[in-house]
Amino acid sequence: MSLTETAQQIRRRDLRIPLGAILLVIALTAPFIGSRYVTHSLIIALIFMLPAHGLNLLVGYTGLLSLAQAAFFGIGAYTAGLLAVTYGTPFYVNVVAAGLAAGAIALPLGIPALRLRSTSFVMCTLGFVIIGQAIAKNWISVTRGDMGLSSIPKPHFALGPLSFTVSGTMGFYYLALAIGALATLAVWAIVRSPAGRNMIAIRENETLAESVGIPTWRYKLIVFMISAVFAGVGGSIYAHYLTVVSPLTFQMYYSTTMLIIVLGGGAGTISGVVFGSLLFVGLTEALRITPELRMIAYGLCLLALVFWFRQGFAPLINRFWNAIGGAK
Amino acid sequence: MFSTILEQIVNGIVTGSVYAIVAVGMTMIFGVLRAINFAHGEYYMLGTFGAWFSIDYLGLSYEASIVVGVLSTIVIAYVVGKLVMQRMVGAPAESGVLATLGIALVLQNTVILVFGGGYKFFADGYIEPVSILGFSLAQQRILILVVCLLVFVGLELMVTYSRMGKSMRAVSQNVDCCEVVGIDVPQVVLRTFILGAALAALSGVLTAPVNVSVYGGMGELITFKTLPIIIMGGLGNVRGTFFAAMILGVAESLVATYVGLQFRDTVGFATLILMLMWRPHGLFSTQARF
């Protein structure tokens, strides 16, 4: 019996590399296969993947449930928009500046907020979003209030004599894909490093982590800042893609969306976040579901996640991945 | 000058009464569930919509619409309570946050989907002004004050003397011991939740004639204002909630007059963050209850 079983296992091929190659080809040729609208949906999904990756470091790896991600997303969008409109700085400067600004603001916000636990921390981070929106609305001399910032230029690159502007949907798709891939790699590197393991230790048991010498406070603060950097970068790309920024960038709705991506895809897994952003943002955008129906679906998803599927799609993805890898 | 301040304070107290009726439900739910109900403002919205619907579509009087608004909210709260809130007994705090956020999304957007996202006009209620001690105050505002006082006296009596109030206090102290002595914890949770939702709905219906506009997203703002109140009052503390709501109402009213109307809604969250930093157990207790 065992012999035949072994033989069967040998016969099953490892399909992971071919499948990975197929996915890569699909990712690279997507704008040629799908319509313009599908490409647009993919861009939105890729942009939302960035703050979701950041949130995943916070929720999935360090175990801190935060709603502040939309605040940093908005800070990034406004930083990029203001720089581009007022000083005409190029795209890559804006992206870096937006990330740094969000990260820098996360420090003074994180120091008090991270002293709070569970529900209090959630309420406090929710407060950041509301106050961010109020500032964007009322600091009219800088943010132009409810009118927002408009005609933010499309990304423009100049390398010596070569210069080109990313204007079409297709060009933007590749830009978003490249940045999304870089962000995914960055998260992967963080999670695989000893620092990533320390984060998981904090998630599992903070007191124990502290007692074995992990500086938990510093870790939580730094992860909070890194997650803000991811959100800020995402916000800046969003601003350049839509070319407008309004106080509505600071919205609970965005925080909820990012939370759904992370928890639905599977908190604490990188593939889960990629899958989650494609499913929860890309697909709903592509199907042109009205915002109300989408939010009802998100609400039901949250309930289902809390009570039935605590790990989201992660176990499913894992099983599939192992199955095509030839394991039983 | 002085009379303007006094008038603003009176207005603030009326707003505070509205917040108090909503917040006391949330604080009691926290007491039995140890979870913040992020959907609490949605029951306020549901109550208002129920009343608006019964006036605009069914042609009922304002008095009848109060009953319809509160009863329809009770029915919805019963369903939500049975399906969701009872499952939250003993669940980690994060589950409570996520589940109630989910409920808020579903309730709010279902209402927008059914009735449309635009602003509706609530054209009923006792809006005639009356003059008391030199102020002119709309009858509706006096009604709100009176109802608020009645609600708090009633709740205080209920929590202290009735069987339901005693079991609520017991559950908020120790769930395991309640089960040992035979208190039906899920039942207490369900009842507390329905009571809280009904109070929120009542508050919504009472405020509608003053606020005039009715829209699907109105509950969110109320939830956000309830959070600082329940923290200030000390989570689970009925009497503290009353005073905290008054403080926030008056503060908002003064800020709106002397600093700028646009800053009114920020007061709550600034208060929330400051409270969480320095006095997470509230203004009125010396140590955290939970």
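This is a predicted model: local features need pLDDT of at least 70, side-chain atom pairs count only at pLDDT 80 or more; totals for chains, interfaces and linings use all residues.
Which residues in α9(B) meet which residues in α11(B)? Residues are numbered from 1 along each chain as its sequence is written, while chains are lettered from A and ligands numbered from 1 in the order in which they are written.

**Chain A overall**
- Chain A has 15 helices and 2 strands (DSSP runs numbered from the N terminus: H or I of at least four residues for helices, E of at least two for strands).
- Its radius of gyration is 21 Å, close to the 20 Å that the globule rule gives for 328 residues, so chain A is as compact as a globular protein of that length (the radius is taken over C-alpha atoms, and the rule is 2.2 Å times the number of residues to the power 0.38).
- Along its principal axes, the C-alpha trace of chain A spans about 80 × 50 × 45 Å.
- Of the 328 residues in chain A, 46% are buried (20 or more other C-beta atoms within 10 Å of a residue's own; exposed is 12 or fewer, partly exposed is in between, and C-beta atoms are placed from the backbone).

**A helix pair in chain B**
- The axes of α9 (residues 218-233) and α11 (residues 264-278) of chain B come within 9 Å and cross at roughly 35 degrees (lines fitted to C-alpha atoms over the stretch in contact, with angles from 0 to 180 degrees between N-to-C directions).
- On the α9(B) side you'll find L221(B), F224(B), K225(B), L227(B), P228(B), I231(B) and M232(B).
- They meet D265(B), G268(B), F269(B), T271(B), L272(B), M275(B) and L276(B) in α11(B) (contact means C-beta atoms within 7 Å).
- By class, that's 10 nonpolar, 2 polar and 2 charged residues (Ala, Val, Leu, Ile, Met, Phe, Trp, Tyr, Cys and Pro are nonpolar; Asp, Glu, Lys and Arg are charged; the others, Gly among them, are polar).

**Positive phi without glycine**
- Most residues other than glycine have a negative phi.
- T243(A), not a glycine, has a positive phi of about 65 degrees; it sits in the loop between α11 (216-242) and α12 (252-265) of chain A.
- T243(A) is partly exposed, with 14 other C-beta atoms within 10 Å.
- R34(B), also not a glycine, has a positive phi of about 55 degrees and lies in the loop between α1 (2-33) and α2 (40-56) of chain B.
- R34(B) counts as buried, with 22 C-beta neighbours inside 10 Å.

**Where the chains touch**
- The contact takes 28 residues from chain A and 29 residues from chain B.
- On the chain A side, α6 (118-138) and α14 (291-307) each supply at least two residues.

Note on methods:
Two residues are in contact if their C-beta atoms, placed from the backbone, lie within 7 Å.
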